[in-house]
Amino acid sequence: MPEELLVSHCAPTLAGLKTANLFSCSCPCPAQLAQEVTRLNKQLNSKGVCVQVLSNRGKRALIYVYRPKRLEKDLNHPDTLCFLKQCGYQNGCALDLVQQLQEKLCESQDFPHEIGLFLGYPFEDVQVFIQNRGCNCRLCGYWKVYANECEKKRLFEKYSHCRNVYCRKWTEGLSIQRLTVAG
């Protein structure tokens, strides 16, 4: 997994602006990917960031980059916990819930759209996305927006600016560890 993918897809999380990001990458060798994830975790865990392979199907892997403390806070909201329970999750800490998400991704043919809650997307957008099966959104950006589109448009612009800056800094030679904000 090239670090360039991590910087390009996860800059808002590395910068501490967002709870988590997710991206897909080529995975011709699962053992090599596992070594890369271990190496990245050694660099980033001290900054409050974790990297995890959520699924590995065929020659593609789904990589989850997240801030565990922020995720715990996000997932502990009563509405979120209730909604996740309706989606089949058992109560537990954030890491338990991530494990359950990972199992759903590996065992089910259906994509678990509640994954948006694990990415720090607003509850109302995730809930309405699922209810509407992805239709009738008011804005499409980093996720499909169903409420407060002006506020979220500004947030999307902030994420895009962060991504552009991080990609430029990485190209200029700044390491992934130096780009990651402690949190």
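1. The protein has 9 helices and 5 strands, where helices (H or I, at least four residues) and strands (E, at least two) are DSSP runs numbered from the N terminus. The radius of gyration is 16 Å, close to the 16 Å that the globule rule gives for 183 residues, so the protein is as compact as a globular protein of that length; the radius is taken over C-alpha atoms, and the rule is 2.2 Å times the number of residues to the power 0.38.

2. On the basis of the values: the model is predicted, so local features need pLDDT of at least 70 and side-chain atom pairs count only at pLDDT 80 or more, while totals for chains, interfaces and linings use all residues. Residues are numbered from 1 along each chain as its sequence is written, and side-chain values use heavy atoms, with hydrogens and water left out.

3. An open sheet of 3 strands has the order 1-3-2 and antiparallel pairing; two strands pair if DSSP finds at least two bridges between them. Strand 1 (20-26) and strand 2 (50-57) are the edges, each with a single partner strand, so one side of each has no neighbour in the sheet. Neighbouring strands are turned by 25° against each other on average, direction ignored (axes are lines fitted to C-alpha atoms, for helices over the stretch in contact, and angles run from 0 to 180 degrees between N-to-C directions).

4. Strand 2 pairs with strand 3 (residues 60-66) in the antiparallel sense over 7 bridges. Within this pairing, Gln-52 stands opposite Tyr-64 of strand 3. Helix 2 (residues 30-44) packs on the sheet and touches strand 2 and strand 3, its direction making about 165° with that of strand 2. Helix 5 (residues 94-107) also touches strand 2 and strand 3, but at about 20° to the direction of strand 2. Contact means heavy atoms within 4.5 Å.

5. The largest nonpolar core has 22 residues, and Leu-6, Leu-14, Phe-23, Val-51, Ile-63, Val-65 and Tyr-166 touch the most other members. Such a core is a set of buried Ala, Val, Leu, Ile, Met, Phe, Trp, Tyr and Cys residues joined through side-chain atoms within 4.5 Å, buried meaning under 20% relative accessible area (1.4 Å probe, protein chains only). Helix 1 gives the most to this core, with 5 residues.

6. Beyond its neighbours within four places in sequence, Leu-6 is in contact with residues including Phe-23, Leu-40, Val-65 and Ile-176. A second, separate core of 21 residues includes Tyr-64, Val-98, Leu-101 and Leu-105.

Definitions and conventions. Buried means under 20% relative accessible area, exposed over 50%, partly exposed in between (1.4 Å probe, protein chains only).
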